[in-house]
Amino acid sequence: MRKNFGAKPWTFPQPVFIVATYDEQGTPDAMNAAWGGIDYDDRVNLCLSAGHKTVSNLMAAKAFTVSMATEDQLVACDYVGLVSANSVPDKFSRAGFHALKSDFVNAPLIEELPMALECELVSYDPDTCHLVGRIVNVSADESVLDERGKIDPERLRAIAFDPVNHGYLSVRSRVGNAFKDGLALKNK
């Protein structure tokens, strides 16, 4: 038997994205965004309310980065979701983050978060809070790469958001092989 919960914004897992921008003076800012995903090969979609300082920054700069939150930086990543840069302008540094200039867009990479999408603004609708960015580059610190030069989930230690219980979950272990394990049923 199933229990019905009604219309809820629940999926598992929900990535924890840390969106970073520069303001007009070049001060970095970051916010925690749990509602987002990939659309097309080079698009990321996010739901960001218009009142966020990050949104006004990315509208001015037409660029932003999206870092994957990690277990090692869980407290800092949660903090930038709790505090608004509209009232705490130095929340980026208070979180213990350090900005690295992206070579591809006018937005900061967060040194402490080893993987990021570097994006240009495609569109933003303040009525629906729907943001679309074009992924210009994906960068990853060498510390999270495996011997083949690919991003290793065990080393990245990304976290996911549990919207039902308001928690963060570890995303590390490989449990199968995409585009392969299902072949066992294909010819049955």
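1. Start with a term. Two strands pair if DSSP finds at least two bridges between them. Keep that in mind while looking at this predicted model.

2. How many bridges join β6 to strand β9? Five, and the two strands run antiparallel. Strand β9 covers residues 115–125.

3. Is β6 buried or exposed? Six of the six residues of β6 (residues 63–68) are buried, so the strand is largely enclosed by the rest of the structure. Buried here means under 20% relative accessible area.

4. Look at the two faces in turn. In a regular strand the side chains alternate between the two faces of the sheet. On one side of β6 sit A63, T65 and S67. On the other sit F64, V66 and M68. Both faces are covered, and these residues are all buried.

5. Move to another sheet. Three strands form an open sheet in the order β1-β11-β12, with antiparallel pairing. Strands β1 (14–15) and β12 (167–171) stand at the edges. Each has a single partner strand, so one side of each is left without a neighbour in the sheet.

6. Finish with the pairing of β11 and β12. Strand β11 covers residues 158–162, and five bridges join it to β12. The two run antiparallel. Which residue in β12 is the bridge partner of D162? That partner is G167.

Conventions. Residues numbered from 1 in each chain as written. Predicted model: local features only at pLDDT ≥ 70, side-chain atom pairs only at ≥ 80, totals over all residues. Heavy atoms only, no water. Buried < 20%, exposed > 50% of the residue type's maximum accessible area, 1.4 Å probe, protein only. Helix = DSSP H or I, 4+ residues; strand = E, 2+ residues; numbered from the N terminus.
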